Amino acid sequence: MARDEYQSYVPQVVKLLNESADAEQIASYLNEVVTKRMGLSENADAALQIVAVLLDWKAVLTAA
């Protein structure tokens with residue numbers, strides 16, 4: 001099931017966020033997942049947009 005596959009990537013994303021990885025490092029991981037594990041074409045712009053949302057989300061959560 002696709003949901004299970006996607007959930008398997010979450011721990012590494014959370015780890016990167018907790019380690020204060022920069023946007024490029026997180027985007028690199030996401031692009032690796034997309035290209036090497038899912039077999040899709042890289043979309044660097046989309047990865048950076050997702051990372052921006054994640055970093056905004058982290059900022060909101062840590063400010064609370």
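**Reading the helix packing**

A: This is a predicted model. Helix 2 and helix 3 pack with their axes 9 Å apart, at an angle of about 125°.

Q: What describes two packed helices in general?
A: Two packed helices are described by the angle between their axes and by the distance between those axes.

Q: How is the angle between helix 2 and helix 3 classed, as oblique or roughly antiparallel?
A: An angle has to be over 145 degrees to count as roughly antiparallel. Helix 2 is therefore oblique to helix 3. The crossing of helix 2 and helix 3 is right-handed.

Q: Which residues in helix 2 and helix 3 meet?
A: From helix 2 they are A23, I26, A27, L30 and N31, and they meet A44, A47, L48, I50, V51 and L55 of helix 3. Sorted by class, this contact of helix 2 with helix 3 has 10 nonpolar residues, one polar residue and no charged residues.

Q: Is N31 buried or exposed?
A: The cut-off for buried is under 20% relative accessible area. N31 has 10%, so N31 is buried. This residue lies in helix 2. Apart from neighbours within four places in sequence, N31 is in contact with E42, N43, A44 and A47.

Q: At what angle do helix 1 and helix 2 pack?
A: Helix 1 covers residues 2–18 and helix 2 covers residues 23–37; the two pack at an angle of about 160°, with their axes 10 Å apart. Helix 1 is therefore roughly antiparallel to helix 2. Their crossing is right-handed.

Q: Which residues make the contact of helix 1 and helix 2?
A: Helix 1 contributes E5, Y9, Q12, V13, L16 and L17, while helix 2 contributes Q25, I26, Y29, L30, V33 and R37. By class, the contact of helix 1 with helix 2 has eight nonpolar, two polar and two charged residues.

Q: With which residues is Y29 in contact, leaving aside its neighbours within four places in sequence?
A: The contacts of Y29 are Y9, Q12, V13, L16 and R37.

Q: How many residues has the largest nonpolar core, and which are they?
A: A nonpolar core is built from buried residues joined through side-chain atoms within 4.5 Å. The largest one here has 12 residues: Y9, V13, L16, L17, A21, I26, A27, Y29, L30, V33, A47 and V51. At least two residues of this core are supplied by each of helix 1, helix 2 and helix 3 (44–63). Helix 2 gives the largest share, five residues.

Q: How many helices and strands are in the chain as a whole?
A: The chain has three helices and zero strands, and its pattern along the sequence is α-α-α. The C-alpha trace spans about 35 × 25 × 15 Å along its principal axes. Of the 64 residues, 20% count as buried.

Q: What share of contacts between residues at least 6 apart in sequence joins residues at least 24 apart?
A: The share in this chain is 45%.

How values were computed:
Residues numbered from 1 in each chain as written. Predicted model: local features only at pLDDT ≥ 70, side-chain atom pairs only at ≥ 80, totals over all residues. Heavy atoms only, no water. Axes fitted to C-alpha atoms, helices over the stretch in contact; angles between N-to-C directions. Helix = DSSP H or I, 4+ residues; strand = E, 2+ residues; numbered from the N terminus. Parallel < 35°, antiparallel > 145°, perpendicular 65-115°, else oblique. Left-handed = near helix turned anticlockwise from the far one by under 90°. Contact = heavy atoms within 4.5 Å. Nonpolar A, V, L, I, M, F, W, Y, C, P; charged D, E, K, R; others polar. Buried < 20%, exposed > 50% of the residue type's maximum accessible area, 1.4 Å probe, protein only.
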